[in-house]
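I set aside this page for what I looked up in the structure, one entry per topic, in the order in which I went through them.

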Amino acid sequence: MLLNSVILVLREVLEAAMVVSLFMAFTTVSQQSRYFLLKAIFLGLVAGGFYAYFLPEISNWLEGIGQEITNTMIHLGIFLLLTGFLWLISSNIVLPNRLVKAVMMGAIILAISRESAEIMLYISGFRSDHFLMQSVLSGSLIGLGIGVSCGIFLYHLMIALKPAAATKFICVLVVIVGGSMMSQATQFLIQADWLTSTEPVWDSSHIISEHSLPGQLLYALMAYEATPTWSQIVVYLTSLALMILVIISARFLQGQPKYD
Amino acid sequence: MKNVFIFTSMLLISLNSYAAPPTFEILIKDHLFYPDELIIPANTKVKLLVKNQDATPEEFESYELNREKVIPGNTQAIIFIGPLSPGVYPFFGEFFPKTAQGKIIAEEEGK
């Protein structure tokens, strides 16, 4: 039970930790206070609590596909906020601008809400079993610890760079995370039967299995699928292209941005 | 006008029944799946009705099927899968993976 909790919590934490550490690094590079990000983390946990609490009702919406549609909305929301973030900073609108803060906070709240809801539901399942609860809680704490450490590692990796390079690196990672969000949203729409399911285009599970550690890390970073469908690939590439287009056009309209 | 309405409704109803995929039930009880091997027709979209009879939540997950869905305790969930090529597709309960293991076997009809 201990190891299982470590893996489950780590998987959930990694994805949210990516978004948080990216924005933490951006705030540090911009020499601004990180207080608003802590507020967003707290609000994300509160939202996650609500999501977990109302999940039985939410699941029943839309004839039983409420959960898929809510998850699609969350992922789409993160994508739009990340795209907004790219537009703003490429237009040379930087911190402490309130709109920049708002899109950063929104993305963190959404990212944390879904991942934390799953962890809360998982742990709450053991509330009547005190014996198992102990190992589940220790496992979850270890998983949380490893996930947060990965985030801190990424954070230090980014702030070790020069501000201009760090901002570019953050933008690249934001684009990758944004693409991953849209790929997951597509997956949920297929699961809900709102998008037609098709045969997988390829099967790379013999090279990198989704069960393996590299597979899991790649999943957290860029929603790696060993057996993706056409719709996922098309949506993934289109969203990457869209975000790059947003960066280029914002720069074009604004002239060359100054990073420092 | 009335006829148009009746015709449209009939068309919609018939389309709906035509589109309704076959449903298969899976039970979750004591952190086990019943059945733990489910045979479904290959190349056909099917609707899984997963009933969690435990008080604890479970997450139906499968890397091979690309599916994940949290099913709170004492509730049921719908998961659409397929059309699948013939083969074996393992799934598991992410919250209790030691015991909650199963597989979908997609078989061509007549075999």
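**Helix 4 of chain A.** I began at the N-terminal end of helix 4 of chain A and found Asn97(A) capping it, with a side-chain oxygen 2.7 Å from the backbone nitrogen of Leu99(A). I note here that the model is predicted, so every distance in these entries is computed from its atoms. The helix itself covers residues 98–124, 27 residues in total, and I get 37 Å from its first C-alpha to its last, which is close to the 39 Å expected at 1.5 Å a residue. I then looked up burial and found that 19 of the 27 residues are buried, so helix 4 of chain A is largely enclosed by the rest of the structure. For Lys101(A), I noted that this residue lies over the face of Phe36(A), at 5.2 Å from the ring centre.

**Chain A as a whole.** I listed eight helices and zero strands for chain A, and reading along the sequence gives the pattern α-α-α-α-α-α-α-α. How does the radius of gyration of chain A fit that of a compact globule? For 260 residues such a globule would have a value near 18 Å, and chain A has 19 Å, which agrees. Taken along the principal axes, the C-alpha atoms of chain A fill a box of roughly 60 × 40 × 40 Å. Buried residues make up 52% of the chain's 260 residues. Among contacts in chain A between residues at least 6 apart in sequence, I find that 76% join residues at least 24 apart.

**Aromatic pairs.** My search of the whole structure, over all chains, returned 11 aromatic pairs. In one of them, Phe23(A) and Phe85(A), the ring centres are 4.9 Å apart and the planes stand at 55°, so I recorded the pair as tilted. This pair links distant parts of the chain, since Phe23(A) belongs to helix 1 (residues 2–29) of chain A and Phe85(A) to helix 3 (residues 66–90) of chain A, 62 residues apart.

In chain B I looked up Phe33(B) and Phe91(B), an edge-to-face pair at 4.8 Å centre to centre with 75° between the planes. Here too distant parts of the chain are linked: Phe33(B) is in strand 2 (residues 32–34) of chain B and Phe91(B) in strand 8 (residues 87–93) of chain B, 58 residues apart. Both Phe33(B) and Phe91(B) are buried.

My last entry is one aromatic cluster, formed by Tyr122(A), Phe126(A), Phe95(B) and Phe96(B).

Key. Residues are numbered from 1 along each chain as its sequence is written. Chains are lettered from A and ligands numbered from 1 in the order in which they are written. This is a predicted model: local features need pLDDT of at least 70, side-chain atom pairs count only at pLDDT 80 or more; totals for chains, interfaces and linings use all residues. Side-chain values use heavy atoms; hydrogens and water are left out. Rings of Phe, Tyr and Trp (its six-membered ring) pair if their centres lie within 6.5 Å; planes under 30 degrees apart count as stacked, over 60 as edge-to-face and the rest as tilted. Helices (H or I, at least four residues) and strands (E, at least two) are DSSP runs, numbered from the N terminus. Buried means under 20% relative accessible area, exposed over 50%, partly exposed in between (1.4 Å probe, protein chains only). A charge sits over a ring if NZ of Lys or CZ of Arg is within 6 Å of the ring centre and within 35 degrees of the ring normal. The expected span of a helix is 1.5 Å times one less than its number of residues. A polar contact is a pair of N or O atoms within 3.5 Å; within protein, one must be able to donate a hydrogen and the other to accept it, and residues adjacent in sequence count only if both atoms are side-chain atoms. The radius of gyration is taken over C-alpha atoms; the globule rule is 2.2 Å times the number of residues to the power 0.38. Contact means heavy atoms within 4.5 Å.
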